[in-house]
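Please read them beside the sequence and the coordinates.

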There are 4 protein chains.
Amino acid sequence: MLKIAIVGASGYTGLELIRILHRHPEVAVTCLTSEQSAGKRISEVFPTLRGRCDIVLENLEPVRVAEKADIIFTALPHKAAMEVVPTFLKLGKKIIDLSADYRLSDPAVYGEWYMPHLNPENLKKAVYGLPEIRREMIKGAQLVANPGCYPTSIILALAPLLKYGLIDPSSIIADSASGATGAGRSAKVDSLYCEVNEGFRAYAIGGAHRHIPEIEQELSLLAGEPLKITFTPHLVPMDRGILSTVYASAEKTLSNETLATLYREFYAGEPFVRILPNGTLPSTAYVRGSNFCDIAATVDSRTGRIVLVSAIDNLVKGASGQAVQNMNLLCGFPETSGLEALAIFP
Amino acid sequence: MLKIAIVGASGYTGLELIRILHRHPEVAVTCLTSEQSAGKRISEVFPTLRGRCDIVLENLEPVRVAEKADIIFTALPHKAAMEVVPTFLKLGKKIIDLSADYRLSDPAVYGEWYMPHLNPENLKKAVYGLPEIRREMIKGAQLVANPGCYPTSIILALAPLLKYGLIDPSSIIADSASGATGAGRSAKVDSLYCEVNEGFRAYAIGGAHRHIPEIEQELSLLAGEPLKITFTPHLVPMDRGILSTVYASAEKTLSNETLATLYREFYAGEPFVRILPNGTLPSTAYVRGSNFCDIAATVDSRTGRIVLVSAIDNLVKGASGQAVQNMNLLCGFPETSGLEALAIFP
Amino acid sequence: MLKIAIVGASGYTGLELIRILHRHPEVAVTCLTSEQSAGKRISEVFPTLRGRCDIVLENLEPVRVAEKADIIFTALPHKAAMEVVPTFLKLGKKIIDLSADYRLSDPAVYGEWYMPHLNPENLKKAVYGLPEIRREMIKGAQLVANPGCYPTSIILALAPLLKYGLIDPSSIIADSASGATGAGRSAKVDSLYCEVNEGFRAYAIGGAHRHIPEIEQELSLLAGEPLKITFTPHLVPMDRGILSTVYASAEKTLSNETLATLYREFYAGEPFVRILPNGTLPSTAYVRGSNFCDIAATVDSRTGRIVLVSAIDNLVKGASGQAVQNMNLLCGFPETSGLEALAIFP
Amino acid sequence: MLKIAIVGASGYTGLELIRILHRHPEVAVTCLTSEQSAGKRISEVFPTLRGRCDIVLENLEPVRVAEKADIIFTALPHKAAMEVVPTFLKLGKKIIDLSADYRLSDPAVYGEWYMPHLNPENLKKAVYGLPEIRREMIKGAQLVANPGCYPTSIILALAPLLKYGLIDPSSIIADSASGATGAGRSAKVDSLYCEVNEGFRAYAIGGAHRHIPEIEQELSLLAGEPLKITFTPHLVPMDRGILSTVYASAEKTLSNETLATLYREFYAGEPFVRILPNGTLPSTAYVRGSNFCDIAATVDSRTGRIVLVSAIDNLVKGASGQAVQNMNLLCGFPETSGLEALAIFP
């Protein structure tokens with residue numbers, strides 16, 4: 001059994017890591033940290049865990065954490081992650097970082113969208129952890145930069161089209177919507193039940209969302225040329241799930257059947273990508289609690305555009321599930337270990 | 001007091017008409033029809049009305065309905081409307097039709113998206129009832145074709161840009177999301193609480209939704225040239241509201257300030273359109289129960305696109321509220337009569 | 001037009017007062033205070049108000065507030081209310097206090113459940129503002145203690161049974177459930193969307209909720225003898241509404257018909273109480289946004305208990321609507337002024 | 001691997017059985033029936049299953065079903081179950097029946113609450129499948145009557161008090177609330193999203209709910225004397241979960257500590273019952289997707305009543321999870337097999 005530490009365990013992605021790893025046959029969670037709740041049992045913070053995981057939360061002291069664990073998941077805000085990851089690296093630990101800190105290969109881009117990078121020297125060690133795109137590199141990595149939730153849903157939707165050169169790379173518009181867990185667990189008026197419930201809204205429009213550089217970096221690599229996208233995130237009154245509806249101009253005429261075949265081929269053998277048959281569309285409800293990404297591709301023949309729809313659970317394939325998938329690759333476990341549970345519906 | 005009949009009163013738009021007209025100083029609801037619930041009191045169908053509106057629902061016999069009313073709202077499915085509207089017209093009644101039957105001026109287009117039109121000869125009598133675009137024509141009409149919910153949100157968002165020629169008309173993509181009242185009140189598995197709740201999904205993608213010809217008809221008129229759009233509707237787990245996020249390529253460089261000024265000028269004096277200041281975005285939660293359309297316009301300078309966001313209550317500005325606004329214009333009442341109530345939040 | 005100040009306007013009851021008073025023909029809101037948001041427009045805090053009420057929030061300086069208003073609504077937490085009400089009283093203002101500070105006639109009871117009372121000398125001036133029970137006293141009052149939300153739903157449900165001596169006063173159990181607006185608008189983890197959504201829970205069980213003394217005070221007066229109740233509040237994942245299910249042992253055998261008749265007689269002429277016919281039950285959904293209290297009374301003949309169910313909108317009849325009803329009585333306006341709007345459904 | 005048939009697989013309890021059994025190491029689902037959807041793949045009905053369980057639904061022909069399975073779960077409405085169970089019994093199959101048909105040992109009681117029993121001769125073969133109360137009998141049974149959802153939550157809450165004679169058996173009031181999956185998956189207006197959402201209501205009050213005889217049967221056995229209860233179910237706008245708040249008069253003075261100790265002792269070693277520490281209360285959110293029943297017991301010393309709160313997931317411990325627990329007992333598997341997954345939160 002490998003020993004696991006989760007740094008930043010009292011947020012929703014931390015809890016989701018515990019939930020998933022609890023059913024993993026090869027690992028045991030041995031250390032949980034939380035600045036706000038240190039000293040409490042994790043099951044006091046999240047009563048779902050009572051009787052199953054009652055570990056006492058501790059303060060984040062990197063060396064002590066490293067002593068207790070073989071593999072470390074950092075579920076921290078940006079900046080906080082790059083303050084501790086170097087220590088973990090030095091101590092030879094394998095790290096899956098769920099923050100944005102190691103996702104952008106160019107520190108200048110990080111600086112433009114976030115802040116000056118504190119640890120640029122380790123950026124080249126980090127592998128962007130989207131297994132469907134970069135499986136072999138992840139296997140050999142010490143540090144995996146776990147992708148953002150929106151990027152996962154958008155990159156998986158677009159990868160086949162860009163790889164095969166079927167769309168105009170300058171025409172991409174990604175319109176996404178996320179459940180409220182995406183905003184995290186901190187006490188803010190904007191995240192109150194009565195402020196979120198029964199409302200639907202856009203935010204960070206006009207090129208303002210920090211996931212844009214990450215999406216563009218990966219899409220540009222797939223396209224083989226730099227590209228820019230328009231991206232609009234929305235907030236949905238539900239707990240979990242991201243649905244992305246992505247638009248691009250087709251470079252040539254394609255039928256829905258051809259498109260579906262092409263997607264099926266591209267993702268053949270992938271355990272967590274499901275290409276839906278024509279006439280069927282994804283819903284976040286059908287992936288809730290699972291590591292699936294469901295994708296449908298449709299041609300709008302009236303306008304020559306391709307419309308893609310992809311759905312993930314933002315806490316699973318969009319965060320903690322993908323992190324465990326990456327851990328499985330890093331450690332040579334079967335890629336689906338701990339991730340076999342079906343989605344929960346309703 | 002003018003007398004009002006609501007034909008098809010046991011659906012959500014019927015109820016919403018009753019709710020709004022209840023506070024209108026110049027009219028009284030005198031006749032309600034429902035095929036499914038004839039013989040019951042409307043307050044048995046909708047207990048909100050108990051003690052305030054207890055009218056017995058009757059079968060739809062057009063002549064008898066016409067005898068009881070000066071103005072008739074038809075809140076019927078398409079086809080059912082055009083089966084009775086000719087009778088009402090012949091009997092000299094004023095009609096606000098909430099169905100799609102008289103929205104498309106070209107019967108061939110109606111035939112392509114719906115079915116062969118049964119009453120093409122009355123199409124030219126009908127005025128498309130979007131007061132912000134066609135106020136004067138509505139005033140003189142006998143038959144108003146009340147706009148669809150998605151079209152209202154999209155046309156109001158785009159009108160200034162098209163009118164002023166600021167965007168490429170071939171570049172328009174409208175991504176909209178609606179609450180569950182949009183699916184009506186009929187008993188279908190897909191509309192069950194547990195099927196809708198905690199899920200977000202697209203439907204009718206790739207140019208399949210019947211609101212497309214209506215949107216394109218009106219946008220083409222505004223642009224002065226025929227145009228086609230890509231439109232994707234989504235279903236949000238909430239009762240009311242439509243939010244449309246609309247994308248188009250700018251024909252020239254504009255600042256957010258210029259854009260806001262331009263929108264403010266275009267809609268100056270409009271009682272129900274609110275242009276939000278830069279940095280502020282609409283939410284369906286902020287228009288719930290009211291007749292407002294809130295609009296924000298933003299430039300994505302990285303990609304040269306303009307991103308518009310508009311929010312309405314689909315049952316009010318997207319249906320019954322707009323219908324009452326049209327009635328007010330038809331009858332020479334103050335345009336805001338019955339529609340002064342503030343949105344209800346939370 | 002009388003001038004109205006709302007002290008503590010940036011909470012949900014403050015907003016609801018503005019919403020209701022906006023449609024009141026005899027008053028105008030002239031002053032709004034908020035400690036947290038002073039200097040902002042109220043429409044920046046609550047965008048529903050944009051273009052309709054854009055008053056700038058000010059700090060709470062009692063004398064200045066009193067200069068601007070004839071009638072003052074205090075929508076403050078307990079303690080904060082009794083710190084300013086004495087000044088308003090001295091300056092001859094009429095006050096409707098939505099806090100708990102003047103609801104308990106005995107300062108010792110207040111001391112036991114809250115804290116030592118700071119203004120016991122004014123307690124006898126205060127009238128407990130439940131119009132259905134104490135209409136005439138309210139008319140002559142200068143200070144109305146607006147009832148709590150749970151108490152309103154429970155007292156109105158039980159009043160006829162206690163008045164007529166039909167139940168054992170020691171047998172009362174009130175099981176209530178409230179929407180999330182009941183927890184207010186402050187930023188707390190427990191009130192986050194993801195913590196409240198998709199969960200149902202009890203809180204403050206075993207005689208711990210501060211509404212108990214208020215309920216017992218009023219029920220004891222109705223019964224003509226001191227009584228104690230068991231009360232359990234629950235939190236429902238919805239915005240608005242309180243439903244109370246109340247149990248008591250019948251002192252004699254009654255039929256459902258007799259019970260309904262008795263309730264109908266007791267509440268005859270009441271504009272805001274609706275007694276439902278047998279076989280029909282209240283839902284919070286049917287009173288949302290309205291000032292109604294819907295009540296159903298049923299005999300459980302198997303066990304000799306009477307089961308009452310009552311539903312209100314906690315922000316309207318449970319707070320701001322009732323406050324306006326009290327203002328109407330205080331000022332000699334028609335009791336229903338501003339409160340005629342139908343419930344909004346769905 | 002034992003082979004499993006699920007009869008009535010296209011409802012929510014059928015889907016939940018598939019979800020749970022998918023992770024069970026000792027069984028394989030081999031046969032699914034559905035009258036409405038025969039011929040379709042189950043993954044067309046429930047897209048969560050795509051790629052993981054794509055069995056084609058067949059019509060219910062008992063002999064053919066029996067040929068394909070060792071163990072049969074009947075997830076049918078009452079009456080439909082007792083029409084096929086006799087055949088399965090004759091063919092020597094083990095059956096876990098999720099309907100009400102074999103829960104009441106006295107056919108006369110069944111006749112009073114449902115309809116004349118069609119298969120009274122097999123009633124004595126059936127064991128009421130609440131493992132915490134009747135584990136040993138279940139182990140040897142051929143036919144398990146899986147308990148109702150409300151009964152599970154109420155019986156587990158009360159069992160210790162009745163067993164130890166600590167309450168007046170005539171004083172029990174159970175006030176319960178269920179998520180909308182409890183109403184099943186059939187297309188009814190009352191179950192539509194917009195009819196359920198944002199409303200809380202009671203139903204079947206005054207001794208009318210069919211779970212009453214089942215609850216009374218089991219509580220009477222525990223008490224050692226016949227007893228009657230008052231029971232009120234409510235509908236909560238959420239998918240899953242039942243919370244029961246149960247009231248009874250204490251026969252002697254007890255502290256909260258004593259009560260908690262007593263509960264902990266009574267349920268010592270139970271894998272799926274968690275007794276919460278004083279000051280902590282259950283929420284349906286904390287058991288969602290899991291087989292736990294969380295219980296808190298509190299003394300209301302002001303009134304001499306004990307207040308119990310219990311929470312389960314109605315589809316898991318209230319139906320399909322408990323059915324799998326019963327299967328494990330029947331088959332000699334570890335009792336927790338397939339049921340180890342943690343609750344999913346949020």
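1. In chain D, the axes of helix H6 (residues 131-139) and helix H11 (residues 316-331) come within 9 Å and cross at roughly 40 degrees. Helices here are DSSP runs of H or I with at least four residues, numbered from the N terminus, and axes are lines fitted to C-alpha atoms over the stretch in contact, with angles from 0 to 180 degrees between N-to-C directions. This is a predicted model, in which local features need pLDDT of at least 70 and side-chain atom pairs count only at pLDDT 80 or more, while totals for chains, interfaces and linings use all residues. Residues are numbered from 1 along each chain as its sequence is written, chains are lettered from A in the order in which they are written, and side-chain values use heavy atoms, without hydrogens and water.

2. H6(D) and H11(D) are therefore oblique to each other, a class left over once angles under 35 degrees (roughly parallel), over 145 (roughly antiparallel) and 65 to 115 (roughly perpendicular) are set aside.

3. Where H6(D) meets H11(D), the contact (heavy atoms within 4.5 Å) brings Pro131(D), Glu132(D), Arg135(D), Ile138(D) and Lys139(D) of H6(D) to residues of H11(D) including Lys317(D), Gln322(D) and Leu330(D).

4. Chain B can be laid on chain D with an RMSD of 0.0 Å by a turn of 180 degrees and a shift of 0.0 Å along the axis, with copies superposed by least squares on C-alpha atoms of residues with pLDDT of at least 70 in both. That is the relation of a two-fold axis. Within chain B, Tyr193(B) comes closest to the rotation axis, at 1.8 Å (C-alpha).

5. Chain A is assigned domain 1 (2-124) and domain 2 (150-316), with bounds from an automatic or database domain assignment. Their C-alpha centres lie 27 Å apart, and the contact takes 15 residues from domain 1 of chain A and 16 residues from domain 2 of chain A.

Conventions. Helices (H or I, at least four residues) and strands (E, at least two) are DSSP runs, numbered from the N terminus.
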